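Have the model open while you read.

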Amino acid sequence: MTIKKLALTVADTETVGLEGWVYDFSWVCCDRQGNRMIERTFLVEEIFTDPDKMMGAFYAGKHFTHYARMLQDGEIRLTPWLDIIAQLRADLEEFDIDVFAAYNAGFDIRVIQQTHQALGHTDKVLSRPVKILDIWQFACETKLSQKQYASIARRLGWVSPAGNIKTGAEFAHRYCSGDHSFIEDHTGLSDARIEVEIMAECFRQKKRVPYGVVNASPWRLVNKNAGDDPHIHGGITR
């Protein structure tokens, strides 16, 4: 059975070091309504088992509070990089994926390709032609540009030290779900799941879909529409 018009949503990939090594790579194949067909989650064996690399992981504490338990319970497994990429490519083909989506897609695509090359591979990870959708951009153009979001964000303190309204996936999910106390897990599959929900809510707005727009500092749109001047505040906030 051929399933049309699906999106592949990648978590904000968990990375380590200035090189952007990916150690947690997870994705969800779904449709635009957020219905999930398959979920994948992997720890990259070459990276996660290298203590010199992993010492610099931003969320290093997750190794003990999350990943150790997940490994023990079989919720995630250590997998060689090329096996992960083979599974990704197989899913793209099997589900006839036409969109590769991620929250801050420019970052995820860059670090995935960087890791691929750093491990000695010169081909492109995304061998199948797909549209790129930055869910961050999509959210900032639709849901997060609503006046109600600016009002809630200011009232609840979702504002950076520089004075900018925050627009990261954690805050987008708080607004879209109505769970204003939600805390992002910062593990791949958990984050991918909430990004699927954010994306589906954005599609429900029936607005133009910003395919191919990446690295465009979408947080500026939200602050501009809220009446703030990001040039005065300065600094990038997610």
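1. Start with Tyr67, which counts as buried at 0% relative accessibility; buried here means under 20% relative accessible area, exposed means over 50%, and partly exposed is in between, with a 1.4 Å probe and protein chains only. Tyr23 is buried too, again at 0% relative accessibility.

2. A word on what we're looking at: this is a predicted model, where local features need pLDDT of at least 70 and side-chain atom pairs count only at pLDDT 80 or more, while totals for chains, interfaces and linings use all residues. Residues are numbered from 1 along each chain as its sequence is written, and side-chain values use heavy atoms, with hydrogens and water left out.

3. How many aromatic pairs does the structure hold? There are 11, counting rings of Phe, Tyr and Trp (its six-membered ring) with centres within 6.5 Å; planes under 30 degrees apart are stacked, over 60 edge-to-face, and the rest tilted. Helices (H or I, at least four residues) and strands (E, at least two) are DSSP runs, numbered from the N terminus.

4. Phe25 and Trp27 are also paired edge-to-face, at 5.2 Å centre to centre with 65 degrees between the planes. Phe25 is buried at a relative accessible area of 0%, and Trp27 is buried at 0% as well. Do look at the cluster, where ring pairs link Phe25 and Trp27 with Phe42 and Trp81.

5. Two lysines are worth a click. Lys53 lies over the face of Trp21, 4.6 Å from the ring centre, and Lys131 lies over the face of Tyr211, also at 4.6 Å from the ring centre. The test for a charge over a ring is NZ of Lys or CZ of Arg within 6 Å of the ring centre and within 35 degrees of the ring normal.

6. Now helix H7 (residues 147-156), where Tyr149, Ala150, Ile152 and Ala153 are buried. Seen down the axis, the buried residues of H7 fall within an arc of 170 degrees, so they line one face of the helix; the arc is taken from the directions from the helix axis to the C-beta atoms. They pack against helix H8 (169-177) and helix H10 (219-225), with contact meaning heavy atoms within 4.5 Å. The face of H7 turned away from its buried side carries exposed Lys147, Gln148 and Arg155. Just after H7, Gly157 takes a positive phi of about 80 degrees.
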